Amino acid sequence: MLSKKNSSSVWCYFTKNVNKSDEAKCNLCHTVYKHGHGTSNLHEHLRRKHQSKLDADKSKFELDKDLDLRFQQGEASTSTSKRSFRETTIMTNNSINEVQEPALKKQTKQLLLSKRFGIPSEKQKTDFVRSIVEMITDDLQPLSFVENSGFQNVIRLLDSRYLELLPSRRTLTRSILPELYSTTKNELQDILNKSSYISITSDIWTSLNTDSFMTITVHTFDSAFVLKTFVLCTLKLENSHTGEYLSQTLENIFNEWGIRHKIVAIVTDSGANIKSAVNKLRIPHIPCTAHILNLIVTQALVFRSPYGDTDNTDNDVLEPNECQNLNDLLKKCRSIVTYFKKSEVANRKLAEKLTQLGALKLKLKQDVSTRWNSSLLMLERLVELKEPLTYALLSLKNGPVMLNAQEWEVIEDVIPILKPFEVMTTELSGENYPTLAMVIPLVRGLYISLVSKQMRTYLGQLLKQKLLGNLNSRFKLIEEQNPKPEFSRATLLDPRFKKLAFQHTINAENVEKSITDELSLLISENLNEENSNISETPEIQTTSNNEAVDLWSFLDDKLNTERTQVTSVSIADNILKQYFSLPRANRKSKPIDFWIKHKILLGELFNLALKYLVIPATSVPSERIFSKAGEIMSAKRNRTHPKNLDIVTE
């Protein structure tokens with residue numbers, strides 16, 4: 001029986017520390033808590049960790065109390081024990097327990113299920129906690145999500161045993177997340193240590209609070225030769241983004257991971273500061289192909305027709321006869337979309353027209369200045385909603401000026417010529433397959449596609465000429481290894497393309513020669529290493545009169561003669577001839593499968609192929625981290641400390 005001092009029911013589950021009067025240990029999980037002059041924190045621990053136990057004990061207590069009362073009132077004979085009376089009452093007194101019986105059976109079943117399944121195993125506990133952490137990181141939930149009553153009710157409904165295992169926000173922050181981060185980092189470090197070649201993509205992003213962050217992603221083949229992408233870090237930039245500062249920042253990260261000597265290329269945008277930073281590191285810099293395509297299109301969209309040139313480019317809404325260039329046309333489309341986005345009346349009217357016409361309930365898309373493909377998506381959606389949009393604008397009094405027939409024709413004319421750029425950008429932005437080797441054949445395919453387009457409008461013809469000119473000026477020398485040889489070498493070493501992707505044979509031959517030189521140098525280094533490992537001590541036996549006897553001299557002389565005749569250049573040339581004699585791989589196959597199959601036959605050329613196939617064509621993998629940056633830094637996640645940002649993004 002509890003003393004007056006310890007009258008709280010909490011002491012049924014806690015034991016006081018005889019040496020420290022302000023400490024108590026939980027009898028269920030053996031956790032030690034300080035309780036001071038009250039027991040509120042002990043009650044909170046029971047509610048949060050052992051609610052299922054409290055519920056079971058409460059149900060049992062109420063049942064025993066009810067049976068004791070009925071026993072005292074003479075509802076059972078004096079010879080019937082309390083235990084047998086409980087069993088008899090549950091089974092026979094249906095009329096008395098007509099209302100209470102369903103709840104009683106439910107509680108009994110719950111207790112039996114608990115006894116049947118028992119306590120979760122250690123693996124189940126680990127998997128449960130890990131799934132909670134993965135849910136928070138994958139869904140970008142705040143760490144306090146685990147303390148929400150609604151989420152806890154779901155866990156209690158599914159399996160109340162796991163409610164006791166649910167970690168608190170403090171536990172997540174102080175132990176679970178750091179441990180998981182450390183484990184993940186060690187696993188990644190092991191992969192990088194075993195890698196021979198590594199490439200890097202990086203990008204810088206500025207938040208709404210004008211805080212700058214840099215993300216660095218790493219690309220490599222794992223031990224099973226599967227192309228992998230990992231985030232090394234997302235860190236806050238504290239100083240001005242000078243080339244010197246960015247270079248030192250990158251150098252520190254590479255040295256921390258021990259990958260400086262394995263990096264074969266760094267892919268970024270064409271910003272002067274980041275290019276300067278990479279050059280200071282003396283690592284090959286690859287310009288992001290997606291950014292180049294973006295420049296080609298945006299520069300092509302900025303032109304005016306020589307017919308009816310206007311000075312109204314600063315107006316958001318233009319009259320139909322004033323739209324004589326694509327800039328004005330895009331502004332007019334943008335003003336229509338903005339009006340429907342901001343006006344509740346207009347948006348509701350458009351929804352009504354969609355319902356009346358039985359069309360799909362699509363929404364207009366707004367473009368942004370930093371992504372040209374958003375303009376394409378805006379135009380495509382306008383064409384899809386052309387009919388309901390026209391009816392909606394006709395029924396609105398103060399709406400923007402609607403597009404006329406000529407402008408609709410221009411839009412429908414330019415969409416097909418812009419679409420190939422979007423397809424190429426999407427194709428080159430993949431992470432699970434080699435992309436650098438695809439740039440040359442895709443550029444050639446894009447050029448042929450543009451030339452074949454038949455434009456119906458004058459603005460469409462001007463756009464086509466501008467796109468072809470920009471494409472030619474940006475990628476004119478890409479086959480000639482100028483200014484970056486990595487594009488052409490990756491293409492030649494891709495078994496799907498080889499020399500077939502090159503427009504001019506002389507360019508393919510020059511690339512072949514450069515690869516032969518690089519391969520011969522690699523072979524020469526390996527031969528020198530092998531020769532240095534061979535013992536120089538001759539196997540000479542002596543006779544009784546100390547005369548030397550060498551039975552291997554004739555063979556050694558022939559081997560030395562042959563070694564001088566067979567140089568590393570000839571070996572490299574023969575390996576490349578074997579490579580070109582093999583059938584080309586299917587275009588939709590994985591190039592790495594070809595190299596694994598012929599690894600022994602092609603020798604060192606296999607390693608050279610890995611070097612160039614590991615380089616991505618764009619810096620999009622690092623930019624994808626910032627596509628969710630607004631959610632990462634949102635008010636909903638304000639309990640995520642900035643120092644843990646790299647943990648969240650990984």
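Student: What makes strand E5 (residues 212-221) mostly covered?
Tutor: In this strand, 10 of 10 residues are buried. Buried means under 20% relative accessible area, exposed over 50%, and partly exposed in between, with a 1.4 Å probe and protein chains only. Ser212, Met214, Ile216, Val218 and Thr220 point one way, Phe213, Thr215, Thr217, His219 and Phe221 the other way, and all are buried. This is a predicted model, where local features need pLDDT of at least 70 and side-chain atom pairs count only at pLDDT 80 or more, while totals for chains, interfaces and linings use all residues. Residues are numbered from 1 along each chain as its sequence is written, and side-chain values use heavy atoms, leaving out hydrogens and water.

Student: How do you know that E4 and E5 are joined?
Tutor: Strands (E, at least two residues) are DSSP runs, as are helices (H or I, at least four), numbered from the N terminus. Two strands pair if DSSP finds at least two bridges between them. Eight bridges join E4 (residues 198-206) to E5, so these antiparallel strands pair. Ile200 has Val218 as its bridge partner in E5.

Student: What joins E5 to E6?
Tutor: Nine bridges join E5 to E6 (residues 227-236), so these antiparallel strands pair too. Ile216 stands opposite Cys233 in E6.

Student: Why is Tyr391 called partly exposed?
Tutor: Its relative accessible area is 41%. Tyr391 is found in helix H14 (residues 386-394).
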